[in-house]
Every structure is written in C-alpha cells, then in structure tokens.
Amino acid sequence: MKSLNEIALGYKTDKSNMWHNYTKLYSVYFEPIRQEKIHILEIGIDKGYSLKTWKEYFPNAEITGIDIIDLKYMEEDRVHVFCGDQNDTILLKKVNEENGPFDIIIDDGSHKNNDMKNSFDCLFPLLKEGGLYIVEDIHACYWEKKEDGQVFIDVL
C-alpha cells in the first residue's frame with residue numbers, strides 16, 4: 001500500500017515532500033483512520049491534485065472540495081465539488097448539510113486572515129466531534145501581497 005507522500009508525489013500536489021512536506025505530519029493523524037468511512041472537506045482545490053490524493057489514500061472516504069472557480073468537472077465517484085467563496089457562510093452550511101458532518105476540514109483557500117477566520121468560525125462548530133480542522137500555509141499571512149495593484153501586509 002502506498003504511503004500518503006507517495007500518492008501525493010504521484011499527483012504532484014504541493015502537500016508532498018517536494019514542496020511543503022505536509023504529508024509527513026498528516027500521516028501521523030490520517031493513517032489511523034485511513035480505512036474508515038469518513039467525510040473530508042478541502043477549501044481551495046486548484047487543479048484537483050489533492051482531491052485525487054485524498055481519494056486514493058482514503059479508499060472509503062467521501063471527498064468534498066470548494067473553490068472560488070467552478071471546477072465541477074472534477075467531480076467523480078466519491079468526489080464532490082462546489083463553487084463559491086470560503087466567506088459565504090450560506091454555502092459552507094449547505095456543503096456541510098449535503099456532504100457532512102466532516103471528519104477532516106482542510107483550509108487551503110485564499111490564505112487571507114479574514115477568510116480563514118470566517119471559514120473557521122462557520123465550520124469548526126459543525127466539525128464532527130474529535131475531527132481535525134487544518135489550516136495550511138499560515139506563513140502566507142505574513143507575506144507582502146498585491147491586490148488591485150496595491151501592496152499590503154496581511155498579518156494576524
């Protein structure tokens with residue numbers, strides 16, 4: 001059976017040890033529940049590499065992704081995709097009602113403080129008891145960012 005990192009490398013997701021190396025830590029928490037019938041939500045799915053990673057790694061899981069870009073074409077057996085903003089609490093609650101409650105929520109969305117906070121405030125109370133809420137790329141909160149041609153620093 002392939003490791004989480006091997007699967008992530010195969011799909012070229014940035015979660016592998018070739019980039020962020022999140023798979024090393026994720027394996028500690030995910031391996032004990034790998035075969036369970038769980039529900040996973042990932043905010044920010046970009047090219048869908050991590051959706052494919054989760055589907056292969058968790059053979060009995062239902063995987064749901066949300067992205068601000070319409071990526072419904074990525075849907076397949078056990079993979080559900082919603083289009084919308086991670087600040088849209090109506091959407092987040094709808095996703096939870098239709099596909100939750102979630103055992104794992106991964107925020108890999110905008111990496112903006114307010115967005116992460118708003119999603120957390122809405123979804124954390126809906127997380128299955130004992131579930132995992134993960135926010136990736138917190139370091140990006142401290143990077144200088146450009147928006148509409150203006151530079152700003154987004155800090156916690």
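Visitor: Where is Asp 88 found?

Guide: Asp 88 is in the loop between strand S3 (79-83) and helix H4 (89-99). Helices (H or I, at least four residues) and strands (E, at least two) are DSSP runs, numbered from the N terminus. This is a predicted model, where local features need pLDDT of at least 70, side-chain atom pairs count only at pLDDT 80 or more, and totals for chains, interfaces and linings use all residues. Residues are numbered from 1 along each chain as its sequence is written, and side-chain values use heavy atoms, with hydrogens and water left out.

Visitor: Why does Asp 88 count as partly exposed?

Guide: Its relative accessibility is 33%, so Asp 88 counts as partly exposed. Buried means under 20% relative accessible area, exposed means over 50%, and partly exposed is in between (1.4 Å probe, protein chains only).

Visitor: Which backbone nitrogen does the side chain of Asp 88 reach?

Guide: That of Ile 90, at 3.1 Å. This is a polar contact, a pair of N or O atoms within 3.5 Å; within protein, one must be able to donate a hydrogen and the other to accept it, and residues adjacent in sequence count only if both atoms are side-chain atoms. Asp 88 and Ser 119 are 8.1 Å apart in space, C-alpha to C-alpha, and 31 residues apart in sequence.

Visitor: Okay, another Asp. Where is Asp 67 found?

Guide: Asp 67 belongs to strand S2 (residues 62-67). Five of the six residues of S2 are buried, so this strand is largely enclosed by the rest of the structure.

Visitor: What does the side chain of Asp 67 reach, then?

Guide: The backbone nitrogen of Ile 45, at 2.8 Å. Leaving aside neighbours within four places in sequence, Asp 67 is in contact (heavy atoms within 4.5 Å) with Gly 44, Ile 45, Asp 46, Phe 82, Cys 83 and Gly 84.

Visitor: How many bridges join strand S1 to S2?

Guide: Five, and S1 (residues 39-43) and S2 run parallel. Two strands pair if DSSP finds at least two bridges between them. Glu 42, for example, has Gly 65 in S2 as its bridge partner.

Visitor: Back to salt bridges. How many are found in the whole structure?

Guide: A search finds nine. One of them joins the side chains of Glu 56 and Lys 2, at 3.7 Å, N to O. Glu 56 lies in helix H3 and Lys 2 in the segment before H1, so the pair ties together parts that are 54 residues apart in sequence.

Visitor: Are those two buried or partly exposed?

Guide: Glu 56 is partly exposed at 32% relative accessibility, and Lys 2 is partly exposed at 46%.

Visitor: Which residue forms a salt bridge with Lys 55?

Guide: Glu 76 does, with the closest N and O atoms 2.7 Å apart. The pair links distant parts of the chain, since Lys 55 is in helix H3 and Glu 76 in the loop between S2 and S3, 21 residues apart. Lys 55 is buried, with a relative accessible area of 19%, whereas Glu 76 is partly exposed at 37%. Lys 52 joins Lys 55 and Glu 76 in a network of salt bridges.

Visitor: New topic: which residues of helix H1 are buried?

Guide: In H1 (residues 4-11), they are Leu 4, Asn 5, Ile 7 and Ala 8. They cover an arc of only 160° around the axis, which puts them on the same side of H1. That arc is of the directions from the helix axis to the C-beta atoms.

Visitor: What do they pack against?

Guide: Helix H2 (22-30) and helix H3 (49-57). After H1 comes Lys 12, whose phi is positive, near 60°.

Visitor: Last stop: where is Val 135?

Guide: Val 135 sits in strand S5 (residues 132-135) and is partly exposed, with a relative accessible area of 26%. Beyond neighbours within four places in sequence, Val 135 is in contact with Asp 107 and Met 116.

Key. A salt bridge is a side-chain nitrogen of Lys or Arg within 4 Å of a carboxyl oxygen of Asp or Glu.
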